[in-house]
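Q: Could you go through this structure with me, starting with how its helices pack?

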Amino acid sequence: MSFVKIVIRKMRSGMMSYGPTSIKRLLWEQEYSGDKWNFAYHSMSDCVYEHLEKHAAGGSILDLGCGTGNTATELAMNAYCDYTGVDISDTCLGKAERRTQQNGRSAKNRFVRGDFLNYVPTQFYDVILFRESIYHVPPLCALPESGRGIYSENGDLGPRRAAFAQAVDDAEYYQVGI
Ligand SMILES: C[S@@+](CC[C@H](N)C(=O)[O-])C[C@H]1O[C@@H](n2cnc3c(N)ncnc32)[C@H](O)[C@@H]1O
């Protein structure tokens, strides 16, 4: 890959995490407008579901950067009572909503369009999930701190049981900001 291509790729990736919401939305729409992410459309065997089931314990889940609805439709139906997926991309949300209807989960799942960095929840959640979206929370090491802006208006983290993020280098999930 040429030096110029590497620089362009780095700048694009920087904008997807640090840019203004409008630019991030544009770039994420581009990402999902083609078939680039089709490979990740089904993830039934992902180890995250085991963790989610355990910690949600039939409660509520907030999925920040929910994508095309994998978690919303692949997690066992009886593992949670309500689920909110937040994503910046309309394309992703459209797919997530269609899959939710096809799975008969419209009564449990709802989706919100927005930048999770300034999203203010309207309820408390038992589990907050950043699944493959943690890379776009800048800076990574300050997540619990920046989480104050994410989880609620007054900085109260609420009675959640766990927040999960996918680690950068492997497929393990770890708990953050507890
Ligand atoms: C790699 S995908 C992962 C999707 C999903 N969590 C999964 O595991 O299938 C990252 C998702 O995060 C969303 N995203 C990235 N930055 C975001 C932001 N600032 N606010 C809301 N969604 C964001 C993207 O639109 C995309 O759907």
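This is a predicted model: local features need pLDDT of at least 70, side-chain atom pairs count only at pLDDT 80 or more; totals for chains, interfaces and linings use all residues.

Q: Which residues of α2 and α5 meet?

A: Glu29, Tyr32 and Ser33 of α2 meet Asp90, Thr91 and Cys92 of α5; contact requires C-beta atoms, placed from the backbone, to lie within 7 Å. The residues of this contact divide into two nonpolar, two polar and two charged. In that scheme Ala, Val, Leu, Ile, Met, Phe, Trp, Tyr, Cys and Pro count as nonpolar, Asp, Glu, Lys and Arg as charged, and the others, Gly among them, as polar.

Q: What about α1 and α2: at what angle do they pack?

A: Helix α1 (residues 3–18) packs on α2 at about 120°, with the axes 8 Å apart. The pair is therefore oblique as well.

Q: Left-handed or right-handed crossing?

A: The crossing of α1 and α2 is left-handed, meaning that the near helix is turned anticlockwise from the far one by less than a right angle, whereas clockwise would be right-handed.

Q: And which residues make that contact?

A: Arg12, Met15 and Met16 of α1 meet Ile23, Lys24, Leu27 and Trp28 of α2. By class, the contact of α1 with α2 has five nonpolar residues, no polar ones and two charged ones.

Q: Changing topic, which residues come nearest the ligand?

A: Gly65, Gly67, Ile88, Glu132 and Ser133 come nearest, out of 19 residues around the ligand; a residue is near a molecule if its C-beta atom, placed from the backbone, lies within 6 Å of it. The elements giving two or more residues to this shell are α2 (21–33) and β2 (82–87). The shell comprises eight nonpolar, six polar and five charged residues.

Q: Where is glutamate 132, and what is its phi?

A: Glutamate 132 is in the loop between β4 (127–130) and α6 (143–151). Its phi is near 60°, a positive value in a residue other than glycine.

Q: Buried, exposed or partly exposed?

A: Glutamate 132 is partly exposed, because it has 17 C-beta neighbours inside 10 Å. With C-beta atoms placed from the backbone, 20 or more others within 10 Å make a residue buried, 12 or fewer exposed, and anything in between partly exposed.

Q: What is there to say about alanine 57?

A: Alanine 57 has a positive phi of about 45° although it is not a glycine. It lies in the loop between α3 (48–56) and β1 (60–64).

Q: Finally, what is the overall make-up?

A: The protein has six helices and six strands, in the order α-α-α-β-α-β-α-β-β-α-β-β along the sequence. Of its 178 residues, 29% are buried.

Terms used
Residues are numbered from 1 along each chain as its sequence is written. Helices (H or I, at least four residues) and strands (E, at least two) are DSSP runs, numbered from the N terminus. Axes are lines fitted to C-alpha atoms, for helices over the stretch in contact, and angles run from 0 to 180 degrees between N-to-C directions. Angles under 35 degrees count as roughly parallel, over 145 as roughly antiparallel, 65 to 115 as roughly perpendicular and the rest as oblique. Two residues are in contact if their C-beta atoms, placed from the backbone, lie within 7 Å.
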